[in-house]
Amino acid sequence: MSYDPYPLFPVFSFLGFILSLIPLSWHLQAWNSGTCSYMIWVSLSCLVVFVNSVVWHGNVVNWAPVWCDISTKFLIGASVGIPASSLCISRRLYNISCVSTVSITRADKRRTVITDLCISAGLPVLVMALHYVVQGHRFDILEDLGCYPSIYNTLPAYFLVFMWPVVIGCVSFVYSVLTLHAFYKRRLQFNQIMASHRSLSPGRYIRLMLLAIIEMMCTIPVGICSVYLANVGVPLEPYISWENVHYGFSYVGFIPSIEWQSSPSFRASVEMTRWLFPACAFLFFVLFGFASEARKSYAMAYSNVLQLLGYEHWTPTTTIPECKKGGSRSVPPVSWTPSHSSAHGSPVGSTFKSSLDSYDLDLEESSDTAFPSPLLPAYDDGTPSIGGDVPRAI
């Protein structure tokens with residue numbers, strides 16, 4: 001019996017698309033290029049799998065060939081871009097933990113951004129180009145999943161496409177271990193670091209440690225498991241020639257759900273791959289969507305919405321009576337009075353906004369770390385092996 005997660009998966013993937021972009025503005029202001037790259041890759045990946053799951057629910061019709069060409073290449077890039085962004089975050093975290101100050105010049109920030117972009121965007125583009133070497137045909141359409149990239153299961157595919165997420169995860173693992181070691185060595189200087197560097201608040205310190213541990217525990221196992229599940233029982237084909245692999249390249253495979261779901265390992269691989277995108281989005285939002293600058297932004301947005309809708313804004317007022325001689329001062333309960341504007345005629349919500357600005361909230365300008373990332377499963381030229389008959393690339 002097959003289980004169709006529709007409409008649960010489209011709902012979660014669309015929410016992941018929205019939630020992963022919420023903290024983007026303040027991370028852009030803080031020059032957190034690795035974190036921003038991670039948010040963009042995860043958010044767009046959630047959008048792609050959302051569209052695929054809705055358009056191709058219950059059918060394998062080739063509705064949008066151009067969309068499939070673009071989205072399949074993007075999914076190849078996302079399988080590398082997400083762990084590459086995670087590597088940038090781990091690298092930045094290590095640099096913060098090893099230096100005595102986090103104050104850097106604008107030129108240093110620019111160099112860091114360029115390096116992060118070369119890693120988080122350059123590597124995915126390179127792998128997307130290398131994917132064509134082992135692309136057996138144009139793409140496949142899996143019922144209920146949508147457009148899916150075709151990868152010819154041959155030895156060069158593991159070096160050109162499949163190895164990158166695992167290799168990048170190993171490098172991030174090393175950075176995470178070094179980061180934990182550096183923070184452990186400097187644990188006695190914790191109070192001094194917190195007093196000297198506003199970006200390293202106690203809450204930030206705990207969050208960085210937690211996310212470094214998540215990186216160590218999840219990235220490599222998830223990558224290896226995805227590759228194994230996708231290729232178990234699928235013979236490794238020889239790479240005879242370029243012409244052999246790309247013969248009949250314009251072919252599009254149409255695979256009904258009853259066929260690809262009949263292989264338990266392949267089904268587990270593709271389901272794990274697509275669910276990891278919204279899972280990464282929700283994980284990111286849980287860890288960063290409730291930080292101090294996020295709560296401040298939510299409160300200001302709520303105040304602006306009240307102003308646009310014309311609702312009354314409530315401001316707290318209280319009266320403290322004079323203390324009589326020889327007596328004690330008592331404070332009555334706080335009373336609330338509605339007001340449409342401030343005493344100087346400011347619009348609704350300005351009093352609330354100015355009161356927020358009076359608080360010294362930790363903006364946490366360098367929040368970043370590493371996350372587990374999806375890895376696209378492998379199969380031969382697009383059709384899962386059912387019953388032992390493995391199709392060739394031609």
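Buried means under 20% relative accessible area, exposed means over 50%, and partly exposed is what lies in between (1.4 Å probe, protein chains only). Keep that handy for the whole tour.

What you have open is a predicted model, where local features need pLDDT of at least 70, side-chain atom pairs count only at pLDDT 80 or more, and totals for chains, interfaces and linings use all residues. Residues are numbered from 1 along each chain as its sequence is written, and side-chain values use heavy atoms, with hydrogens and water left out.

**Stop 1**

Select cysteine 147, which is buried at a relative accessible area of 2%. Cysteine 68 sits in helix α4 (residues 65-98) and cysteine 147 in strand β2 (residues 146-148), so the pair ties together parts 79 residues apart in sequence. Helices (H or I, at least four residues) and strands (E, at least two) are DSSP runs, numbered from the N terminus. Cysteine 68 is buried too, at 0% relative accessibility.

Next, jump to cysteine 46, which is in no disulfide; its nearest cysteine sulfur, on cysteine 280, is 8.1 Å away. Is cysteine 46 buried or exposed? Buried, with a relative accessible area of 0%. Cysteine 225, on the other hand, is partly exposed at 32%.

**Stop 1: serine 43**

Head to helix α3 (residues 33-55) and pick out serine 43. This serine is buried, at 1% relative accessible area. Which residues does serine 43 touch, leaving aside its neighbours within four places in sequence? Show Phe17, Ser20 and Leu21; contact here means heavy atoms within 4.5 Å.

**Stop 2**

Valine 61 is in the loop between α3 and α4 and is partly exposed, at 38%.

**Stop 3: the salt bridges**

How many salt bridges are there? Three, counting a side-chain nitrogen of Lys or Arg within 4 Å of a carboxyl oxygen of Asp or Glu.

- Select arginine 138 and aspartate 69, whose side chains meet at 2.6 Å, N to O. Arginine 138 is in the loop between α5 (106-130) and β1 (139-142), and aspartate 69 is in helix α4, 69 residues apart. Arginine 138 is partly exposed at 26%, as is aspartate 69 at 27%.
- Move on to arginine 91 and aspartate 116, with their closest N and O atoms 3.4 Å apart. Arginine 91 lies in helix α4 and aspartate 116 in helix α5, so the pair ties together parts 25 residues apart in sequence. Arginine 91 is partly exposed at 22%, whereas aspartate 116 is buried at 1%.
- Finish with arginine 274 and glutamate 271, which meet at 3.1 Å, N to O. Being three residues apart in helix α11 (residues 264-288), they are separated by about one helical turn. Arginine 274 is buried at 8%, and glutamate 271 is buried at 13%.

Methods: A disulfide is a pair of cysteine sulfur atoms within 2.5 Å.
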